[in-house]
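The sequence and structure come first.

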Amino acid sequence: MDIRNKLDFLEQLIRCCYDISLRSYPPQLINEPAVPGQSPDNDSILILLNLQAHLHEHIRHKEKLPLFIADQLGLIWIAGFEYREDCLRQIHILGPAYSGKNSFQVIRRKLEEHNLSVAVRARMFRIFEHIPVIPTNQLFQYAVMLHYCITGQRISTNDIRFAQEPGHSPSSQEINLITTEHRGIWMAEQEFMKMLREGNPNYADAIARSHSMSNGPRFDTGDSLRSAKSTAIVLLTLCSRASIEGGVSPAVAYTLNDYYMQMIEDCQNIAEATNTCNTMLADYVQRVRQSKADSDLSPQIRDACDYISLHIREKLTLDVLASQAGYTEYYFSHKFKQEMGLSVADYIRQEKVRQAKLLLSGTRMSIQEISDELNYGSRSYFSSTFQKETGISPSEYREQNRKA
């Protein structure tokens with residue numbers, strides 16, 4: 001069965017439950033301005049106008065994994081990319097769908113802000129009224145199936161890429177990590193918590209399995225973004241408690257909880273919340289692993305490391321750290337290097353670079369914003385320090401490890 005037949009079959013299966021279309025476009029159509037004279041139908045105009053910027057960005061990075069796009073109107077699209085010998089041949093787009101019951105009301109309000117004629121407004125409402133509401137976890141699974149039909153490659157929901165509104169800076173993206181059915185979720189949660197306590201880097205596998213069990217807290221806020229944020233906050237709470245059980249200082253765990261809580265609340269769309277959660281999970285797991293590696297440290301040096309971690313976005317000086325430990329600067333410096341195997345300055349630099357890696361891979365913050373966030377004097381100093389530590393520039397690291 002060729003790709004076209006597989007996609008037709010997939011569309012028929014999906015249409016057994018939801019009235020949603022799967023369309024295919026040549027790359028040159030995406031690259032051209034979406035104007036009525038060039039597009040084959042009105043639906044195509046809507047799709048191309050809405051998705052062009054996202055698709056361009058994804059293609060520019062030569063991404064071959066499916067792209068999940070959630071726009072400010074609450075519409076969700078899934079794009080699959082058909083390559084042959086590294087040449088993009090077709091783009092297959094499933095959608096649109098709503099992620100929540102409130103989405104149509106949001107669109108009505110948006111349209112009413114414009115001075116449209118009654119006829120045009122009525123026509124637009126008719127189009128949007130027939131878009132189905134599909135649970136986010138179900139859309140995740142459709143993205144996995146779409147990719148398999150195109151490539152024959154099996155992926156998990158963790159491999160899906162998430163688009164962000166063009167021109168919007170810092171932060172990340174997230175979607176409900178657990179599905180609408182609670183059956184079996186307790187066991188999945190226990191497995192996930194165990195992995196966090198152990199600092200197990202395979203925690204993403206437990207998250208992927210939980211996608212098929214629960215869609216987060218079962219209550220209807222009428223706001224799909226609010227629901228995604230609530231799910232992210234529940235996950236954050238689990239992470240902070242499990243990390244403490246795994247050896248992370250409560251002061252560090254709770255401070256991180258406050259930091260990521262604000263990041264979640266600042267998210268502007270569902271997709272942003274996903275990367276915030278990805279960054280948060282990676283951060284907590286790394287800290288658990290580090291705490292286990294530091295288990296033989298004296299309480300004073302462990303506390304100093306925690307203090308550095310908590311205040312990494314501030315200016316840190318040897319006299320402040322020595323004072324916190326109750327030592328002279330000379331003795332503290334000597335004891336720190338003896339136990340840690342590197343100087344205080346080197347440890348601070350490594351911790352800053354670790355935080356920078358998380359922000360580069362998990363958010364769309366600019367290089368300048370990351371430099372400012374970590375209190376480097378300038379972007380050039382940040383870039384040179386990062387390259388000296390890792391062997392590559394911040395932009396190269398982002399290209400190789402992009403999750404946002």
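## Basis

Helices (H or I, at least four residues) are DSSP runs, numbered from the N terminus. The expected span of a helix is 1.5 Å times one less than its number of residues.

This is a predicted model, in which local features need pLDDT of at least 70 and side-chain atom pairs count only at pLDDT 80 or more, while totals for chains, interfaces and linings use all residues. Residues are numbered from 1 along each chain as its sequence is written, and side-chain values use heavy atoms, leaving out hydrogens and water.

## Helix H14

H14 spans residues 329-340, 12 residues in total, and its first and last C-alpha atoms are 16 Å apart, close to the expected 16 Å. Its buried residues (under 20% relative accessible area, 1.4 Å probe, protein chains only; exposed is over 50%, partly exposed in between) are Phe332, Lys335, Phe336 and Met340. Seen down the helix axis, these fall within an arc of 110 degrees (directions from the axis to the C-beta atoms), so they line one face of H14.

The buried residues of H14 pack against helices H12 (299-310), H13 (318-325) and H15 (344-362), contact meaning heavy atoms within 4.5 Å. Exposed Tyr330 and Gln338 sit on the face turned away from the buried side. Just after H14, glycine 341 has a positive phi of about 80 degrees.

## Salt bridges

A salt bridge is a side-chain nitrogen of Lys or Arg within 4 Å of a carboxyl oxygen of Asp or Glu; the count is 18. Lysine 335 is buried at 14%, whereas glutamate 339 is partly exposed at 26%.

Asp283, Arg287, Glu351 and Arg354 form a salt-bridge network.

Notes:
Helices (H or I, at least four residues) and strands (E, at least two) are DSSP runs, numbered from the N terminus.
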